[in-house]
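Here are a few quick notes from my look through this one. Have the model open beside you as you read.

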Amino acid sequence: MDYQNRVGSKKGSGGVAGTEETNQQRRERLRELLTSKIDIDNDPYVFRNHLGMLECRLCLTTHVSEGSYLTHTQGKKHHYNLLKRAELDKRRNASNTALNNDISLSNVPKKSFVKIGRPAYKVTKIRDPVTYQKGLRILITGP
């Protein structure tokens, strides 16, 4: 083989990496780094749609790969929406605690229901042997 036209490489080194290989390696390195910090399986906002793409339910964005989603979670839009969600939850909890102070579980009487069993039925297709007219026979049995 002729090695003289490879710029900046020595025999057996494999040559200089192109831009595609460099970008692919960088994305893989970023994905591994972010995956070690964030667990996608336990993230409540991630959803995989029918096309196999990831969706952020908080920000309503779609992402082609896990690396793209993980990069999104580090971004300004996602953090801003997390702050909005936290503020909204805080308001809801404050209003719920105000309502729960007036009504407690011990003040509400427990309802009791009489169990009557499960009704059962059986449907059979029938045909009159003389007129060949079709019909249904429904047999209902109770407990």
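1. Which backbone nitrogen does a side-chain oxygen of Ser65 reach at the start of helix 2? That of Ser68, to within 3.2 Å. I'm counting a polar contact as a pair of N or O atoms within 3.5 Å; within protein, one must be able to donate a hydrogen and the other to accept it, and residues adjacent in sequence count only if both atoms are side-chain atoms.

2. Some ground rules. The model is predicted, with local features needing pLDDT of at least 70 and side-chain atom pairs pLDDT 80 or more, while totals for chains, interfaces and linings use all residues. Numbering starts from 1 along each chain as its sequence is written, and side-chain values use heavy atoms, leaving out hydrogens and water.

3. Helix 2 covers residues 66–73, and its buried residues are Gly67, Tyr69, Leu70, His72 and Thr73. Buried here means under 20% relative accessible area, with a 1.4 Å probe and protein chains only. Helices are DSSP runs of H or I, at least four residues, and strands are runs of E, at least two, numbered from the N terminus.

4. Now the sheet: open, three strands, order 1-2-3, antiparallel pairing. Strand 1 (46–48) and strand 3 (61–63) are at the edges with a single partner strand each, so one side of each has no neighbour in the sheet. Pairing takes at least two DSSP bridges; strand 2 (residues 54–56) and strand 3 have three, and Glu55 has Thr62 as its bridge partner.

5. Asn49 sits in the loop between strand 1 and strand 2. At 13% relative accessibility, Asn49 is buried, and its side chain reaches the backbone nitrogen of Met53 at 2.9 Å.

Key:
Buried means under 20% relative accessible area, exposed over 50%, partly exposed in between (1.4 Å probe, protein chains only).
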